[in-house]
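Hi,

Here is the structure I promised to pass on to you. Have a look at it first, and then read my notes below.

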Amino acid sequence: MTSPASATPPEPRESSMHPERPAMRIDVVSIFPEYLKPLELSLVGKARNKGLVSVAVHNLRDWTTDRHRTVDDTPYGGGAGMVMKADVWGRALDETLSDDAHLLIPTPAGRVFDQRMAEELASDPHLVLACGRYEGIDSRVAQHYQNSHRVTEFSIGDYVLNGGESAALVLIEAVVRLLPEVLGNPESVVDESHNRAGTLEAPMYTKPSVWRGLEVPEVLASGNHALVDQWRKEQALRRTAQIRPDLLHKLNVEHLSVQQQELLAQLRQESEVEGEN
Ligand code: JD8
């Protein structure tokens with residue numbers, strides 16, 4: 001697989017610390033490859049340097065055949081804007097997709113990306129992200145590759161962006177941080193929002209203990225870990241009810257404490273009463 005000139009060479013596919021599981025490979029194709037520069041920074045940058053994941057970014061125009069490097073054309077049936085050409089995407093994806101690759105296409109019309117989807121993708125060996133621009137990619141591209149590969153059209157939320165690159169950045173960060181050894185302390189994913197229980201996380205504090213007249217809740221300085229844990233669990237649930245009542249009905253109650261389950265019943269009742277008013 002010889003990616004054309006401008007591709008950022010992928011890191012060698014080290015066998016990650018888990019010899020039985022080679023490092024995940026991620027390829028991103030875009031007409032703005034520089035938009036993916038943030039993948040060289042921070043958590044993903046470090047994971048690449050440690051060989052825990054290999055990431056390559058490709059310029060779609062490297063697969064054009066005309067001197068204007070054309071990637072778009074007018075929409076059949078008329079209408080505003082331009083559509084990205086299937087033949088150019090076909091050449092790019094034929095070269096980038098390995099046999100066991102999962103083709104991911106960001107689109108406002110896709111399955112909404114969430115933590116559960118991130119966890120599903122974290123066990124894939126190879127992800128290929130096709131970032132569209134203009135009005136989007138000719139719909140036959142997704143249709144064609146469904147015959148040979150897993151194809152998922154996804155959206156990062158109900159608002160309109162100008163292209164798929166920022167969605168690719170969101171998905172890659174959410175997936176790579178779930179890969180083995182990427183997070184220094186894998187325990188930290190347990191308490192964070194959208195954790196196993198599905199609640200939002202509890203409020204958090206650090207020094208100074210008083211700031212502009214605002215104090216840190218006393219229980220957190222008590223040293224009583226059981227009490228602190230119970231307080232955090234309760235706060236997490238109350239926050240979820242206040243900020244994301246839609247999540248209250250999607251929680252994994254088996255991951256809630258007994259106190260949380262009792263409080264959840266009360267909060268659901270209150271949200272139903274509020275819903276009726
Ligand atoms: C891919 C082209 C722009 C979209 C005409 C504006 C994701 N959550 C999301 N919102 N928007 C996108 C997204 C937008 C994209 C492309 C993803 C490719 N556009 C188009 C249709 C209306 N322009 C997205 N994930």
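Arginine 69 sits in the loop between strand E2 (53–59) and strand E3 (72–73). Helices (H or I, at least four residues) and strands (E, at least two) are DSSP runs, numbered from the N terminus. Arginine 69 has a positive phi of about 50 degrees although it is not a glycine. With a relative accessible area of 34%, arginine 69 is partly exposed, because that term covers values between buried (under 20%) and exposed (over 50%), using a 1.4 Å probe and protein chains only.

This is a predicted model, in which local features need pLDDT of at least 70 and side-chain atom pairs count only at pLDDT 80 or more, while totals for chains, interfaces and linings use all residues. Residues are numbered from 1 along each chain as its sequence is written, and side-chain values use heavy atoms, leaving out hydrogens and water.

Glutamate 181 also has a positive phi, of about 65 degrees, without being a glycine. You will find glutamate 181 in the loop between helix H5 (165–176) and H6. Another loop, between helix H6 (188–191) and strand E8 (210–211), holds proline 208, which a cis peptide bond joins to lysine 207, with omega about 5 degrees.

Now for the inside. Aspartate 27 belongs to strand E1 (residues 24–30) and is buried, at 0% relative accessibility. Leaving aside residues up to four places away in sequence, aspartate 27 is in contact (heavy atoms within 4.5 Å) with residues including His58, Thr96 and His126. Thr96 is itself one of the buried residues of helix H2 (residues 86–96), and E1 is among the elements covering them.

Enjoy exploring!
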